[in-house]
Amino acid sequence: MHLITAYITFLLRSTNQHGVHSPFVYNLVTRCFYDKKKYPAYEILKQYRKSLLKDKRTILIKDFGAGSRVFKSDKREVSKMAKSAGISPKRARLLNRLVNYLEVDRALELGTSLGLGTAAMAAGNKVKITTIEGCPETAAVAGEKFRGFGLNNIQLKVARFELFLKESANSKAQIPNSSFTQTENGQPTTENPQPTLLRSSSHGQATNNSELLTHNFDLLYIDGNHQKEATLTYFEKLLPTIHNNSVMIFDDIHWSKGMEEAWEEIKAHPEVRVTIDTFQWGLVFFRREQEKEHFVIRV
Ligand SMILES: C[S@@+](CC[C@H](N)C(=O)[O-])C[C@H]1O[C@@H](n2cnc3c(N)ncnc32)[C@H](O)[C@@H]1O
């Protein structure tokens, strides 16, 4: 019910490029959002999805229960997960275009799942991606597909977001300018298509997470734990990794009242200049040269 009301409100408030006076936003909408050309990368995305939809294996899901820190375990068929979860084909194409249009060099994704969004960013683009997934078996399937599709520009890490981000904040001052991460067996690795497991100390803190510390991300796709407090925490923790031209994309900003509150707080943050609400996604830009302005755009 909440979603229906939220969608009606969105439709009443939304616009297309008409009435958008910011040249930056106008160009983004007309040249990227509404770009109807068919790009070769779209075929890769189609085949990637198809291979998941054909995958009849059953995996054990470590579910990060809503509002709970206690994981629920479940067995699920990969094909069924691909049908119900993950980015839609239309959004995947838009994400692919965004990475290209914004000339994204480094991207971070919170919430890999089966890698549909990651593949959307990676296919045909020069970007290097760090993607984080908490469920080891889901990540293993994604890692296998990335290798199968030759998507070598993806570094997949198995970790809880909270652990990953907490470690980055704790060790920001201590970790030198190093770009390796540590694998499960302690071997350093750089571009590693196998999932990298962040190691935990007895205090439950990841022991190595230099990637996040040494990179300014151009695009950050936050698509995991869709709850107010978690979303605001990720936003705050990721702020040190952005630069003037970065974009953060938050998924499911209207999913619940809590997510809508989180979205309003993000919009009001002093670092935030331009936001675009596309109903499913909230895009956040930090361009200091722009007036603070919030857009609601149909895609
Ligand atoms: C909606 S799915 C991601 C979909 C994917 N980004 C896409 O575009 O297809 C969310 C994923 O985030 C993971 N996740 C949720 N909360 C998490 C957390 N706190 N730490 C690590 N992973 C988490 C879940 O296991 C799930 O696979």
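View 1. M248 in β10 is the bridge partner of L220, where strands, like helices, are DSSP runs numbered from the N terminus (E, at least two residues, for strands; H or I, at least four, for helices). The model shown is predicted, so that local features need pLDDT of at least 70 and side-chain atom pairs count only at pLDDT 80 or more, whereas totals for chains, interfaces and linings use all residues. Residues are numbered from 1 along each chain as its sequence is written. Strand β9 (residues 219-222) runs parallel to β10 and is joined to β10 by four bridges, two strands being counted as paired if DSSP finds at least two bridges between them. Together with helix α10 (residues 228-238), β9 and β10 form a right-handed β-α-β unit; right-handed means that, with the strands pointing away from the viewer, the path from the first strand over the helix to the second runs clockwise.

View 2. In strand β10 (residues 247-251), five of five residues are buried, a residue being buried if 20 or more other C-beta atoms lie within 10 Å of its own, exposed if 12 or fewer, and partly exposed in between, with C-beta atoms placed from the backbone. In a regular strand the side chains alternate between the two faces of the sheet. Here V247, I249 and D251 lie on one side of β10 and M248 and F250 on the other, and both faces are covered. Strand β12 (residues 281-285) pairs with β10 in the antiparallel sense over five bridges, and W281 in β12 is the bridge partner of D251.

**View 3. The shell around the ligand.** Of the 19 residues around the ligand, those that come nearest are G86, I87, G111, G117 and G134, a residue being near if its C-beta atom, placed from the backbone, lies within 6 Å of the molecule. Two or more residues of this shell come from each of the elements α6 (116-122) and α8 (161-170). The shell divides into six nonpolar, eight polar and five charged residues, with Ala, Val, Leu, Ile, Met, Phe, Trp, Tyr, Cys and Pro counted as nonpolar, Asp, Glu, Lys and Arg as charged, and the others, Gly among them, as polar.

**View 4. R31 in helix α2.** R31 belongs to helix α2 (residues 23-33) and counts as exposed because 12 other C-beta atoms lie within 10 Å. The C-alpha atoms of R31 and Y101 are separated by 8.1 Å, although the two residues are 70 residues apart along the chain.
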